[in-house]
Amino acid sequence: MSGEYRTRQTWTTATDKVLLEKFRELSKSTRIPASRLLDEAIEDLLVKYQVIDPSEKKNP
């Protein structure tokens, strides 16, 4: 099971350079792992577009 995660999926994407730099700065300054920040952002988008109910969110 080397390099595999039980509850996580790796994926690759392209991101605006300025947004990515600010995102990395946020992760560093808050000491919150980038993967946790991404989970929170994705959940917020899913709630915004009514794909999931706010009560289903796992992250603050």
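Asp-39 has a relative accessibility of 25% in this predicted model, and because this value lies between the 20% below which a residue is buried and the 50% above which a residue is exposed, Asp-39 counts as partly exposed. The side chain of Asp-39 meets that of Arg-8 in a salt bridge, with an N to O distance of 3.0 Å. Since Arg-8 lies in the segment before H1 whereas Asp-39 belongs to helix H2, the pair ties together parts that are 31 residues apart in sequence. Arg-8 likewise counts as partly exposed, at a relative accessibility of 39%.

The structure holds 2 salt bridges, and the one between Lys-57 and Asp-44 has its closest N and O atoms 2.4 Å apart. Here Lys-57 comes from the segment after H2 and Asp-44 from helix H2 itself, so that this pair ties together parts that are 13 residues apart in sequence. Lys-57, at 24% relative accessibility, counts as partly exposed, and Asp-44, at 36%, also counts as partly exposed.

Helix H1, spanning residues 17-30, and helix H2, spanning residues 34-48, each supply at least two residues of the lining, and the largest share, 7 residues, comes from H2. Classified by residue type, the lining of the largest pocket consists of 10 nonpolar, 8 polar and 6 charged residues.

With regard to the overall fold, the protein chain has 2 helices and 0 strands. The radius of gyration of the protein chain is 13 Å, well over the 10 Å that the globule rule gives for 60 residues, and the chain is therefore more spread out than a compact globule. The C-alpha trace spans about 35 × 30 × 25 Å along its principal axes. Buried residues make up 8% of the 60 residues in the protein chain, and the chain exposes about 5800 Å², of which carbon and sulfur atoms supply 54%.

Val-51, which lies in the segment after H2, has a relative accessibility of 57% and therefore counts as exposed. The C-alpha atom of Val-51 is separated by 23 Å from that of Thr-15, a residue 36 positions away along the chain.

Key: Residues are numbered from 1 along each chain as its sequence is written. This is a predicted model: local features need pLDDT of at least 70, side-chain atom pairs count only at pLDDT 80 or more; totals for chains, interfaces and linings use all residues. Side-chain values use heavy atoms; hydrogens and water are left out. Helices (H or I, at least four residues) and strands (E, at least two) are DSSP runs, numbered from the N terminus. Ala, Val, Leu, Ile, Met, Phe, Trp, Tyr, Cys and Pro count as nonpolar, Asp, Glu, Lys and Arg as charged, and the others, Gly among them, as polar. The radius of gyration is taken over C-alpha atoms; the globule rule is 2.2 Å times the number of residues to the power 0.38. Buried means under 20% relative accessible area, exposed over 50%, partly exposed in between (1.4 Å probe, protein chains only). Accessible areas come from the Shrake-Rupley method with a 1.4 Å probe; for residues, only the protein chains shown count as cover. A salt bridge is a side-chain nitrogen of Lys or Arg within 4 Å of a carboxyl oxygen of Asp or Glu.
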